[in-house]
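I opened the model and went through its helices one at a time. My notes follow.

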Amino acid sequence: MTHIQRFNNIAHSELSDEGPSKSQRKRESHALQDLGEELVNLAKDALARVPMPDNLEQAVRDCRKITAHEGRRRQMQYVGKQMRTLHESEVEAIRRALDVINGVSKAETAKLHALERWRERLLTKDEALTELLAQHPNADAQQLRTLIRNARREQAAQRPPKAFRELFQALKDLLGTGASRAESSDDADHELPEFPTREED
């Protein structure tokens with residue numbers, strides 16, 4: 001499983017002048033929470049190679065030390081809170097670093113982003129499923145309808161995004177990603193991005 005699957009990075013859909021919807025903000029929040037969880041679960045040497053601000057790094061390191069389930073759960077929520085304070089460029093720098101660490105190629109990343117865009121469309125536009133089935137007539141239409149319906153219900157009820165993630169996996173199985181691993185993550189160290197400097201408001 002690539003880190004992108006676990007991150008569930010949300011591609012931006014077309015937004016109205018009023019900005020992102022409550023459901024989209026919630027999906028983005030889940031994505032950032034997943035991203036923070038991935039940081040917590042990294043090997044120590046890999047974590048040291050990810051650019052992040054001091055407050056987030058401290059929160060991640062503190063979480064790694066906690067073994068009690070409830071304490072770790074609370075600290076993980078705090079990590080997610082810190083993730084939500086980051087600028088978009090800072091989040092992207094973290095993602096790019098993890099791409100390099102995990103040996104995910106740029107082509108792989110682009111394909112995964114395409115899957116995420118499909119998922120977003122399926123959840124927001126009823127006609128998207130018709131279009132997908134027209135392009136892939138062998139798809140399991142009933143499974144996709146069920147996952148879409150369940151994911152929408154999860155969002156409405158503010159429940160954990162189980163079906164939301166299962167929908168991504170179903171799309172990956174259907175469309176594929178052509179995943180490939182780098183021969184050595186050490187050889188790709190030079191590709192690690194610098195952490196962006198915030199512009200003062």
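I listed the buried residues of α6 and found Glu90, Val91, Ala93, Ile94, Arg95, Ala97, Leu98, Asp99, Val100 and Ile101. Buried means under 20% relative accessible area, with a 1.4 Å probe and protein chains only. Helices here are DSSP runs of H or I, at least four residues, numbered from the N terminus.

I noted the source: this is a predicted model, where local features need pLDDT of at least 70, side-chain atom pairs count only at pLDDT 80 or more, and totals for chains, interfaces and linings use all residues. Residues are numbered from 1 along each chain as its sequence is written, and side-chain values use heavy atoms, with hydrogens and water left out.

How many of the 14 residues of α6 are buried? I get ten, so the helix is mostly covered.

I checked the length of α6, residues 88-101. The expected span is 1.5 Å times one less than the number of residues. That gives 20 Å, and the end C-alpha atoms are 20 Å apart, which agrees. Just after α6, glycine 103 has a positive phi of about 70 degrees.

**Cores**

I looked at the largest nonpolar core, which has 22 residues. Such a core is a set of buried Ala, Val, Leu, Ile, Met, Phe, Trp, Tyr and Cys residues joined through side-chain atoms within 4.5 Å. Leu39, Val50, Leu56, Val79, Met83, Ile94 and Leu98 touch the most other members. Two or more residues each come from α2 (22-40), α3 (44-47), α4 (54-65), α5 (69-83) and α6. The largest share, five residues, is from α6. I also found a second, separate core of 21 residues, including Leu112 and Leu132.

**Helix pairs**

I took axes as lines fitted to C-alpha atoms over the stretch in contact, with angles from 0 to 180 degrees between N-to-C directions. Contact means heavy atoms within 4.5 Å.

α4 and α5 pack at about 165 degrees, axes 9 Å apart. That makes α4 roughly antiparallel to α5 (angles over 145 degrees). The crossing is left-handed, that is, the near helix is turned anticlockwise from the far one by less than a right angle. Among the residues that meet are Leu56 and Ala59 in α4, and Val79 and Met83 in α5.

Next I took α9 (residues 141-157) and α10 (residues 162-175). Their axes come within 7 Å and cross at roughly 150 degrees. These helices are therefore also roughly antiparallel, and α9 and α10 cross left-handed. Leu144, Leu147 and Ile148 are among the α9 residues in this contact, with Phe164 and Leu167 among those of α10.

Notes: Buried means under 20% relative accessible area, exposed over 50%, partly exposed in between (1.4 Å probe, protein chains only). Angles under 35 degrees count as roughly parallel, over 145 as roughly antiparallel, 65 to 115 as roughly perpendicular and the rest as oblique.
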